[in-house]
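User: Can you take me through the aromatic contacts in this one, and then a helix?

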Amino acid sequence: MKECPIFHIGLPKCASTYLQEVVFPKIKTWNYIRNADERMAFLGNPYYKLPKEMSYLKNERNLISHEEIAEPIYPCSISDSHYMEREYGLSNTLRVIRDSGFVLVVIRRQDDWLNSIIKAHPVYNGKHNNVFLDYPRIYSKKRPYFIPRRYGNFLVESIDHYKLFIRISSLIGRERIKILLYEDLVHDPMLFFTQLSEIFEEDLLHLVSLKNEKRNVSKIKVEQIPFCLRYGIRNRFGHIAGVKFIVELMNRLFFLRRPKYDKKSRSNFLAIFKEHNRRLADEFNLDSGKYGYF
């Protein structure tokens, strides 16, 4: 591989923090960049406003990791908001590596990703259909029916992996997009680190022993506050640390119901993405079918 950068555009709940803190610092032949000021400049500005000194990113074996670049899209994407980080980051990345460079990303099956999100934030998400602004409340085999909602953090379409990678490949080509499976890290770490070794042209198999040093692992929280109280407090006060503490305390003391994300709900949600997951596997040569992506 010639002198060129690799951008890790980490998705949340896809081992991004694990790679950033455990794996990337141990790669010897690449310069892992973790400068916070540089990160803010890269994610907070359109390309023409980037400092000129950042041009060195194009021509050296630099490894840059920004999980905001591919995070799910928030519905309130306004130009002066930090929610634009995704668009700025993705646009800047594609401009920097337009001539040479690679994109590295780890993906996770969508229903499993959603289950992890619920476990991480059970009070404010509660049920699976509260995570998205446009969750399909009514599902049919022909097409899901989307209904606008007053709450929810993400848009369903933003975790359609195929749409994201087709967008990227239209500018840099598919051969420069390196996709790894989160499920391989969990179930077949030897394969995961073999693929990672090929990408970085460095033997990383000695890191297999660190596969259990996960970061930000969602603890199973069985409590779920009732709908009316949860969103009444949320809409009245917003996400204030003190209010969160009060809600968690009330939750643990008085409400002990397990958030439900049953097998049928998971199946219906995954069905939204199955066809595009199949296309992704075919066009980018992924063995994701063995993990039930389609």
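This is a predicted model: local features need pLDDT of at least 70, side-chain atom pairs count only at pLDDT 80 or more; totals for chains, interfaces and linings use all residues.

User: How many aromatic pairs does a search of the whole structure find?

Analyst: The search finds 6 aromatic pairs. One of them joins W30 and F200 edge-to-face, with 5.7 Å centre to centre and 80 degrees between the planes.

User: Which parts does that pair tie together?

Analyst: W30 is in the loop between helix 1 (16-23) and strand 2 (31-33), while F200 belongs to helix 8 (residues 189-200), so the pair links parts 170 residues apart in sequence.

User: Is W30 buried or exposed? And F200, buried or exposed?

Analyst: W30 is buried, because its relative accessible area of 6% is under the 20% cut-off. F200 is buried too, at 0% relative accessibility.

User: Which residues form the aromatic cluster?

Analyst: The cluster consists of F24, W30, Y32 and F200.

User: What about F192 and F193?

Analyst: F192 and F193 make an edge-to-face pair, 5.5 Å centre to centre with 80 degrees between the planes. Both residues are buried.

User: Switching to charges: where does R174 lie?

Analyst: R174 lies over the face of F284, 5.5 Å from the ring centre.

User: Now helix 3. How many residues does it have, and what does it reach?

Analyst: Helix 3 (residues 85-96) has 12 residues and reaches 16 Å from first C-alpha to last, close to the expected 16 Å.

User: Which residues of helix 3 are buried?

Analyst: They are E85, R86, G89, L90, N92, T93, L94 and V96.

How values were computed. Residues are numbered from 1 along each chain as its sequence is written. Side-chain values use heavy atoms; hydrogens and water are left out. Rings of Phe, Tyr and Trp (its six-membered ring) pair if their centres lie within 6.5 Å; planes under 30 degrees apart count as stacked, over 60 as edge-to-face and the rest as tilted. Helices (H or I, at least four residues) and strands (E, at least two) are DSSP runs, numbered from the N terminus. Buried means under 20% relative accessible area, exposed over 50%, partly exposed in between (1.4 Å probe, protein chains only). A charge sits over a ring if NZ of Lys or CZ of Arg is within 6 Å of the ring centre and within 35 degrees of the ring normal. The expected span of a helix is 1.5 Å times one less than its number of residues.
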